[in-house]
Structure formats: C-alpha cells, structure tokens
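Okay, thanks everyone, let me get going.

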Amino acid sequence: MKTALSTLLNIEFPVIMAPMFLVTNVEMMVAAGESGITGCIPALNYRTIEDLKVALREIKDRSKAPLGVNLIVNKSNIHWKKQLHQCLDSGVDYFLTSLGSPEEVIRESRKTGAKVFCDVVDVKYARKVEDLGADGVVAVNSGAGGHRGEIPATVLVPLLKSKCKIPVIAAGGVGTGSGILSMLALGADGVSIGSPYIPTHESGVNTEYKQACIQYGAEDIVATNKISGTPCTVINTPYMKKIGTDQNAVEVFLNHNRKLKKYAKMLTAYRGMKMLEKAAFSATYNTIWVAGSSIEFSHEMLSVKQVTEKLKTEFHEAHKALITTLG
Ligand SMILES: Cc1cc2nc3c(=O)[nH]c(=O)nc-3n(C[C@H](O)[C@H](O)[C@H](O)COP(=O)(O)O)c2cc1C
C-alpha cells in the first residue's frame, strides 16, 4: 500500500505511532517498527540529553524502521535546541514538531536529510510551515488525545489538502481500521495514532493507567486546562471529578495578569508535568491520565504489534466491505 507518507518514510502501512509524553518508550518504538509502521518519541521523555542519546542509540541498534522524534519548539522546552542537535547527531529520520516555530528544525534538518512534519490545527499555520519548507503537516483535529484542535477531521483534512501541497497526516480519534480508511478517503496521506497504544504491554506507564484506557470509553474523556493552561484531554476518573477540570480562581487570575502570566504559565506547566508523572508511574489516587476518545476501541491489553495488526486487519475488512457496498 502506497501513500505519500509510506513512500516518504519507506513504511509498509501509513501510520505513525504518535508521540506521547511519558508513555512512548524504547520498547514501543522498536515494536512499532517491527509491525510495519513508524514510532515517534517525545524528546521530553528524557530528562537529560545523555539519556536521550542513549535511548536513540538503543532504538537505532534494535530497529531498522524510520526513527521519529517529537520536539516541543517553544519556550516551555528550554532544551529543544540541544535536543535537536542530539537527534541530528543520532541519525533521527524525521521530526514531528509541536507548538512554536519549526523554522530552525527545518533548516538544520536539511543538513542531514531528516524530514520535518509539523503539528497544525488550522490552515493559517499549515501554510506557514509549508512556506518554511516542512515536509508534511500533522492535522490535529478536535477528536485528538492530548492537546486537541478545534476542527473535526472531516473538515480539517480536506481543507488542508485543498490549501497545501505537502502531505497531510491526520491525527485524532482513530482507533479502528475503518477510521484509517476514512482518513485516507478524506485525502490524508497517513494517520498518526496515539491513545490506542497506551494500553500495551510495552508501554511503561502503570497498570492502573492502562486498565483505565481499557475500562473507560469515549464518553469519559473530558478536557482540562489544569495541566498546561490550555485544554488537554484526560479520563474523567473520580479524582478528576473531585478536582474539576477548570483552573481555580487564583490560577485564572495569575494566568491573565499581564506581568505574571509568563511565570504562571511556566509554573502551571511544571506542576502539570509533575502531576502526570506521578499519576503515570506511582501508586496514587491523583489519577490524572491523558487519553483521547479513541480508547473506546481498546478492550484488552495487547502488544504494540497486536494493536497494529488489528488496525491492519480491520482496515482491509473495511476496504472490502466498502467496495461491496458501493457495488
Ligand atoms: C497520553 C498522550 C500524550 C501525548 N503527548 C504528546 C507529546 O508529548 N507531544 C505531542 O506533540 N503530542 C502529544 N500527544 C498527542 C499525540 O501525539 C497525537 O496527536 C494524539 O494522540 C492523536 O489522537 P489520538 O490519541 O486520538 O490518536 C499526546 C497524546 C496522548 C494521548
């Protein structure tokens, strides 16, 4: 099967296992490659540049699949330039950038031939990154897990396809093979899938988090701005219900104060990361678990390879069924 994404990255099936803060690890990356797709890991999952270097070396040693790294390229990530250069030295095949401007990432990547895909949520930003020389856009729609966009996939994908010349990768809400097929039908050149890969044997988060992704469904997903100051999707656990999804009055005041908001945002993001880290790795009642509505289709703990195989099988079945329906 050939799409612009599978050709660009030389993968069998046009799917990126999406970067997930705290969740994606070396084991998942290796397994994703073995299953015919490509994995993308957030540089922020490593505290130091040395840790990042060691992880990238291990992935490269164990996998021939294209290696992707997610870089947050704004002020909230003070180490992004060092991460960028370490990734280039480690032979990363592509970057997926989020938040700030990808200009420097694109410029530096030209030197090694690494591709650059940029998260976008609207046409304006997509055009901007295309002009900067991005190799593709990741269309983050309103059904995505994590920091979602505001436009539904059925509008965003065809819109970006009509306004941009570079490949469009659909991200958000895809948890079935028919979902992949529908994104390709909308014009997408590939799909980025995150949440369905959380409840996998390889993922390093605690069993409670994985089980929650199996037991809860689409209607249990809510957006909170408590983690980073901007809406992020989480599972509506009893703890989430208790603390509520909105920032408290003091946080709102600080985040809107002209002089203090810069520091308030940094503090919110720092505290949010610590809360997520605690919830993902230790025994705690503070169950703040990031996930998107596509967990609806996760019914048991599987390996990364099994999740991909399931998606592939469903994709081919849905394709056949559609041809039959259309006659
Ligand atoms: C647990 C979790 C963590 C995420 N962390 C990141 C991240 O660190 N960087 C990023 O660019 N996107 C992050 N995302 C967004 C994903 O890369 C991707 O856009 C999203 O998962 C797609 O929606 P889906 O979960 O419905 O497949 C995260 C998503 C989830 C569910």
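So, take the contacts between residues at least 6 apart in sequence: 60% of them join residues at least 24 apart. Keep in mind that this is a predicted model. Ala321 belongs to helix α13, residues 304-326, and it counts as partly exposed because its relative accessibility is 40%.

Now the overall picture. We've got 13 helices and 10 strands in this protein. The radius of gyration is 19 Å, close to the 20 Å from the globule rule for 327 residues, so the protein is as compact as a globular protein of that length. The C-alpha trace spans about 60 × 45 × 40 Å along the principal axes, and 52% of the 327 residues are buried.

On to the strands. What do eight of the strands form, and how do they pair? A closed barrel, running β1-β2-β3-β4-β5-β6-β7-β8, and the pairing is parallel. If you ignore direction, neighbouring strands in this sheet are turned by 25 degrees against each other on average. To zoom in on one pair, strand β2, residues 38-42, runs parallel to strand β3, residues 67-72, and four bridges join them. If you want to find the spot on screen, look for Cys40, whose bridge partner in β3 is Gly68.

Then there's β9 with β10. Strand β9, residues 221-224, pairs with β10 in the antiparallel sense, over four bridges, and Ala223 stands opposite Thr233 in β10. Looking along β10, residues 232-235, Cys232 and Val234 point one way, Thr233 and Ile235 point the other way, and all of them are buried.

Last bit: a helix pair. You describe two packed helices by the angle between their axes and the distance between those axes. Here, helix α11, residues 249-256, packs on helix α12, residues 261-281, at an angle of about 130 degrees, and the axes are 6 Å apart. That angle is why we call α11 and α12 oblique to each other. Who touches whom? On the α11 side there's Glu251, Leu254, Asn255 and His256, and they meet Lys261, Ala264, Lys265, Thr268 and Arg271 in α12. Sort that contact by class and you get two nonpolar, three polar and four charged residues.

Note on methods: Residues are numbered from 1 along each chain as its sequence is written. This is a predicted model: local features need pLDDT of at least 70, side-chain atom pairs count only at pLDDT 80 or more; totals for chains, interfaces and linings use all residues. Side-chain values use heavy atoms; hydrogens and water are left out. Buried means under 20% relative accessible area, exposed over 50%, partly exposed in between (1.4 Å probe, protein chains only). Helices (H or I, at least four residues) and strands (E, at least two) are DSSP runs, numbered from the N terminus. Two strands pair if DSSP finds at least two bridges between them. Axes are lines fitted to C-alpha atoms, for helices over the stretch in contact, and angles run from 0 to 180 degrees between N-to-C directions. Angles under 35 degrees count as roughly parallel, over 145 as roughly antiparallel, 65 to 115 as roughly perpendicular and the rest as oblique. Contact means heavy atoms within 4.5 Å. Ala, Val, Leu, Ile, Met, Phe, Trp, Tyr, Cys and Pro count as nonpolar, Asp, Glu, Lys and Arg as charged, and the others, Gly among them, as polar. The radius of gyration is taken over C-alpha atoms; the globule rule is 2.2 Å times the number of residues to the power 0.38.
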